[in-house]
Amino acid sequence: SEPAPMYRLVLAGDSGTGKSSFLLRLTLNEFREDLQSTLGVDFQLKKMLVDGEMTSLQIWDTAGQERFRSIARSYFRKAHGVLLLYDVTSERSFLNVRAWVDQIQDSTDEKLPICIIGNKVDLREQCENPSCVRSLDGEKLAKAYGALFCETSAKEGSNIVEAVLHLAREVKLN
Ligand code: GTP
Ligand code: MG
(Lines give C-alpha, C1' and ligand atoms only; values in the text may rest on other atoms or scores of the structure.)
(Ligands and ions follow the chains in the order given, each with its own letter.)
Protein backbone atom coordinates (compact mmCIF):
# COMPACT_ATOMS: atom_id res chain seq x y z
CA SER A 1 0.00 0.00 0.00
CA GLU A 2 0.98 3.65 -0.46
CA PRO A 3 2.99 5.20 2.38
CA ALA A 4 1.02 7.71 4.44
CA PRO A 5 1.51 11.27 3.20
CA MET A 6 3.68 13.33 5.54
CA TYR A 7 3.31 16.99 6.47
CA ARG A 8 5.38 19.26 8.68
CA LEU A 9 3.47 21.50 11.07
CA VAL A 10 5.11 24.09 13.32
CA LEU A 11 3.83 25.32 16.69
CA ALA A 12 4.53 29.03 17.15
CA GLY A 13 3.52 31.88 19.45
CA ASP A 14 4.71 33.71 22.57
CA SER A 15 6.38 31.91 25.46
CA GLY A 16 3.85 30.50 27.92
CA THR A 17 0.91 30.33 25.52
CA GLY A 18 0.88 26.52 25.82
CA LYS A 19 2.55 25.16 22.68
CA SER A 20 4.34 22.31 24.47
CA SER A 21 1.22 21.58 26.51
CA PHE A 22 -0.81 21.44 23.29
CA LEU A 23 1.63 18.91 21.84
CA LEU A 24 1.75 16.85 25.05
CA ARG A 25 -2.04 16.66 25.07
CA LEU A 26 -2.12 15.69 21.39
CA THR A 27 0.51 12.96 21.59
CA LEU A 28 0.30 11.50 25.12
CA ASN A 29 -3.07 12.89 26.26
CA GLU A 30 -1.37 14.37 29.34
CA PHE A 31 -1.21 17.77 31.01
CA ARG A 32 1.39 19.18 33.42
CA GLU A 33 1.18 22.38 35.46
CA ASP A 34 4.98 22.53 35.82
CA LEU A 35 6.18 22.15 32.23
CA GLN A 36 9.61 23.65 31.49
CA SER A 37 9.90 26.43 28.94
CA THR A 38 11.19 24.99 25.65
CA LEU A 39 14.85 25.55 24.73
CA GLY A 40 15.43 25.57 20.99
CA VAL A 41 12.96 23.15 19.44
CA ASP A 42 11.23 19.82 20.15
CA PHE A 43 9.56 17.44 17.77
CA GLN A 44 6.87 14.73 17.80
CA LEU A 45 5.26 12.46 15.23
CA LYS A 46 1.52 12.03 15.14
CA LYS A 47 -0.47 9.79 12.81
CA MET A 48 -4.05 10.82 12.19
CA LEU A 49 -6.90 9.97 9.90
CA VAL A 50 -7.52 13.09 7.81
CA ASP A 51 -10.64 12.80 5.65
CA GLY A 52 -10.33 9.02 5.70
CA GLU A 53 -6.63 8.94 4.81
CA MET A 54 -3.94 7.95 7.33
CA THR A 55 -1.59 10.94 7.47
CA SER A 56 1.74 11.42 9.24
CA LEU A 57 2.25 14.75 10.90
CA GLN A 58 5.70 15.91 12.00
CA ILE A 59 5.02 18.54 14.61
CA TRP A 60 7.79 20.97 15.54
CA ASP A 61 7.42 22.71 18.90
CA THR A 62 9.43 25.94 18.81
CA ALA A 63 10.55 28.04 21.78
CA GLY A 64 8.58 31.25 22.27
CA GLN A 65 11.32 33.04 24.18
CA GLU A 66 12.80 36.02 22.37
CA ARG A 67 16.36 34.65 22.36
CA PHE A 68 15.24 31.62 20.31
CA ARG A 69 13.31 33.60 17.67
CA SER A 70 15.75 32.97 14.83
CA ILE A 71 15.46 29.21 15.40
CA ALA A 72 11.66 29.37 15.30
CA ARG A 73 11.82 31.41 12.12
CA SER A 74 14.05 28.89 10.36
CA TYR A 75 11.36 26.22 10.81
CA PHE A 76 8.67 28.24 9.02
CA ARG A 77 10.60 27.83 5.79
CA LYS A 78 10.28 24.03 5.92
CA ALA A 79 6.71 23.97 7.19
CA HIS A 80 3.50 22.99 5.40
CA GLY A 81 1.37 24.74 8.01
CA VAL A 82 1.56 26.63 11.31
CA LEU A 83 -0.37 26.29 14.56
CA LEU A 84 -0.08 29.83 15.97
CA LEU A 85 -1.04 30.04 19.63
CA TYR A 86 -2.00 32.89 21.91
CA ASP A 87 -3.21 32.68 25.53
CA VAL A 88 -6.78 33.97 25.91
CA THR A 89 -5.86 35.36 29.36
CA SER A 90 -2.95 37.35 27.90
CA GLU A 91 -3.89 40.38 25.81
CA ARG A 92 -0.20 40.83 25.03
CA SER A 93 0.16 37.36 23.50
CA PHE A 94 -2.90 38.13 21.37
CA LEU A 95 -1.49 41.47 20.17
CA ASN A 96 1.75 39.69 19.26
CA VAL A 97 -0.09 37.33 16.89
CA ARG A 98 0.20 40.01 14.18
CA ALA A 99 3.99 40.06 14.47
CA TRP A 100 4.07 36.25 14.34
CA VAL A 101 1.95 36.15 11.20
CA ASP A 102 4.23 38.74 9.58
CA GLN A 103 7.30 36.66 10.43
CA ILE A 104 5.70 33.49 9.10
CA GLN A 105 4.68 35.16 5.85
CA ASP A 106 8.08 36.85 5.44
CA SER A 107 9.91 33.54 5.72
CA THR A 108 8.12 31.80 2.81
CA ASP A 109 7.24 32.73 -0.75
CA GLU A 110 4.02 30.77 -0.82
CA LYS A 111 1.15 31.51 1.54
CA LEU A 112 1.43 29.03 4.42
CA PRO A 113 -1.82 27.76 5.92
CA ILE A 114 -2.07 29.07 9.48
CA CYS A 115 -4.47 28.12 12.24
CA ILE A 116 -4.64 30.85 14.91
CA ILE A 117 -5.43 29.21 18.24
CA GLY A 118 -6.69 30.86 21.43
CA ASN A 119 -5.51 28.46 24.16
CA LYS A 120 -6.37 28.21 27.91
CA VAL A 121 -10.11 28.76 27.44
CA ASP A 122 -10.63 26.84 30.72
CA LEU A 123 -9.24 29.92 32.53
CA ARG A 124 -11.51 32.34 30.70
CA GLU A 125 -14.54 30.32 31.66
CA GLN A 126 -13.45 30.19 35.32
CA CYS A 127 -12.81 33.84 36.00
CA GLU A 128 -14.85 36.84 34.97
CA ASN A 129 -11.65 38.60 33.93
CA PRO A 130 -12.63 41.40 31.51
CA SER A 131 -9.12 41.51 30.05
CA CYS A 132 -9.51 38.02 28.56
CA VAL A 133 -9.51 37.87 24.76
CA ARG A 134 -13.02 37.22 23.45
CA SER A 135 -13.79 34.59 20.81
CA LEU A 136 -15.12 37.23 18.46
CA ASP A 137 -11.84 39.18 18.51
CA GLY A 138 -9.86 36.02 17.76
CA GLU A 139 -12.20 35.18 14.90
CA LYS A 140 -11.91 38.68 13.44
CA LEU A 141 -8.13 38.63 13.52
CA ALA A 142 -7.98 35.21 11.85
CA LYS A 143 -10.40 36.36 9.19
CA ALA A 144 -8.32 39.47 8.47
CA TYR A 145 -5.35 37.23 7.71
CA GLY A 146 -7.28 34.54 5.87
CA ALA A 147 -6.27 32.12 8.64
CA LEU A 148 -8.22 29.35 10.32
CA PHE A 149 -9.33 29.85 13.93
CA CYS A 150 -9.86 27.57 16.94
CA GLU A 151 -10.08 27.92 20.71
CA THR A 152 -8.58 25.16 22.84
CA SER A 153 -7.69 24.05 26.34
CA ALA A 154 -4.59 21.89 26.59
CA LYS A 155 -5.51 21.42 30.25
CA GLU A 156 -8.95 19.98 29.58
CA GLY A 157 -8.06 18.57 26.18
CA SER A 158 -10.85 20.43 24.45
CA ASN A 159 -10.60 21.05 20.71
CA ILE A 160 -6.92 19.98 20.44
CA VAL A 161 -7.44 17.20 17.89
CA GLU A 162 -10.01 19.31 16.06
CA ALA A 163 -7.56 22.21 15.69
CA VAL A 164 -4.89 19.93 14.21
CA LEU A 165 -7.39 18.28 11.87
CA HIS A 166 -8.65 21.67 10.77
CA LEU A 167 -5.13 22.71 9.73
CA ALA A 168 -4.19 19.31 8.29
CA ARG A 169 -7.20 19.45 5.96
CA GLU A 170 -6.23 22.91 4.75
CA VAL A 171 -2.62 21.77 4.23
CA LYS A 172 -3.77 18.81 2.14
CA LEU A 173 -5.91 21.06 -0.05
CA ASN A 174 -3.06 23.55 -0.47
P1 GTP B 1 7.64 28.18 25.63
O2 GTP B 1 8.17 26.80 25.51
O3 GTP B 1 8.39 29.02 26.62
O4 GTP B 1 7.51 28.89 24.32
O5 GTP B 1 6.12 28.08 26.25
P6 GTP B 1 4.93 27.15 25.72
O7 GTP B 1 4.12 27.94 24.73
O8 GTP B 1 5.44 25.85 25.26
O9 GTP B 1 4.02 27.00 27.01
P10 GTP B 1 3.86 25.70 27.94
O11 GTP B 1 3.20 24.59 27.20
O12 GTP B 1 5.17 25.40 28.55
O13 GTP B 1 2.80 26.21 29.01
C14 GTP B 1 3.06 27.32 29.86
C15 GTP B 1 2.22 27.18 31.13
O16 GTP B 1 0.83 27.28 30.83
C17 GTP B 1 2.42 25.82 31.83
O18 GTP B 1 2.46 26.05 33.22
C19 GTP B 1 1.16 25.04 31.48
O20 GTP B 1 0.80 24.14 32.49
C21 GTP B 1 0.12 26.16 31.31
N22 GTP B 1 -0.93 25.81 30.32
C23 GTP B 1 -0.74 25.42 29.04
N24 GTP B 1 -1.91 25.20 28.43
C25 GTP B 1 -2.88 25.47 29.34
C26 GTP B 1 -4.32 25.43 29.29
O27 GTP B 1 -4.97 25.10 28.30
N28 GTP B 1 -4.97 25.80 30.45
C29 GTP B 1 -4.30 26.18 31.56
N30 GTP B 1 -5.04 26.50 32.64
N31 GTP B 1 -2.96 26.20 31.64
C32 GTP B 1 -2.25 25.87 30.54
MG1 MG C 1 7.30 25.08 25.01
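# The ligands and their surroundings

An oxygen atom of ligand 1 lies 2.8 Å from a polar backbone atom of A154. Such a polar contact is a pair of N or O atoms within 3.5 Å; within protein, one of the two must be able to donate a hydrogen and the other to accept it, and residues adjacent in sequence count only if both atoms belong to side chains. The model is predicted, with local features requiring a pLDDT of at least 70 and side-chain atom pairs counting only at pLDDT 80 or more, while totals for chains, interfaces and linings use all residues. Residues are numbered from 1 along each chain as its sequence is written, chains are lettered from A and ligands numbered from 1 in the order in which they are written, and side-chain values use heavy atoms, with hydrogens and water left out.

Ligand 1 is surrounded by 23 residues, a residue being near a molecule or strand if one of its heavy atoms lies within 4 Å of it. The closest are S15, K19, S21, S37 and G64. Two of these serines have polar side-chain atoms whose distances to ligand 1 can be stated. For S15, a polar side-chain atom is 2.6 Å from an oxygen atom of the ligand. For S21, an N or O atom of the side chain is likewise 2.6 Å from an oxygen atom of ligand 1.

Ligand 2 is a magnesium ion, and its protein donors are S20 through OG and T38 through OG1, at 2.0 to 2.1 Å. Donors are N, O and S atoms within 2.8 Å of the metal (3.2 Å for Na, K and Ca), and the site may look incomplete since water is not among the atoms. S20 belongs to helix 1 (residues 19-28) and T38 to the loop between helix 1 and strand 2, so the pair ties together parts that are 18 residues apart in sequence. Here helices (H or I, at least four residues) and strands (E, at least two) are DSSP runs, numbered from the N terminus. Both S20 and T38 are buried; this means under 20% relative accessible area, whereas exposed means over 50% and partly exposed lies in between (1.4 Å probe, protein chains only).

The aromatic residues come next. The structure holds three aromatic pairs. Rings of Phe, Tyr and Trp (its six-membered ring) pair if their centres lie within 6.5 Å; planes under 30 degrees apart count as stacked, over 60 as edge-to-face and the rest as tilted. In one of the pairs, the ring centres of F43 and W60 are 4.6 Å apart and the planes stand at 40 degrees, so the pair is tilted. This pair links distant parts of the chain, with F43 in strand 2 and W60 in strand 3, 17 residues apart. W60 also pairs with Y75, again in a tilted arrangement, at 5.1 Å from centre to centre and 35 degrees between the planes. Since W60 is in strand 3 and Y75 in helix 2 (residues 69-76), the pair ties together parts that are 15 residues apart in sequence. Within it, W60 and Y75 are buried, whereas F43 is partly exposed, at 37% relative accessibility.

Y75 has a further neighbour: K78 lies over the face of its ring, 4.3 Å from the ring centre. A charge sits over a ring if NZ of Lys or CZ of Arg is within 6 Å of the ring centre and within 35 degrees of the ring normal. In helix 2, R69, A72, S74, Y75 and F76 are buried. Their cover includes strand 1 (6-13), strand 2, strand 3, strand 4 (81-87) and helix 4 (97-106).

Helix 5 (residues 121-126) contains R124, as well as D122. R124 counts as buried at 19% relative accessibility, and D122 counts as buried at 6%. The side chain of R124 makes polar contacts with the side chains of S135, at 3.4 Å, and E151, at 2.9 Å. The side chain of D122 makes a polar contact of 2.9 Å with that of S153.

Two loop residues other than glycine have a positive phi. For D51, in the loop between strand 2 (41-50) and strand 3 (53-62), phi is about 50 degrees. For N159, in the loop between strand 6 (148-151) and helix 7 (160-173), phi is near 70 degrees. Most residues other than glycine have a negative phi. D51 is exposed, at 57% relative accessibility, whereas N159 is partly exposed, at 31%.

Conventions
Contact = heavy atoms within 4.5 Å.
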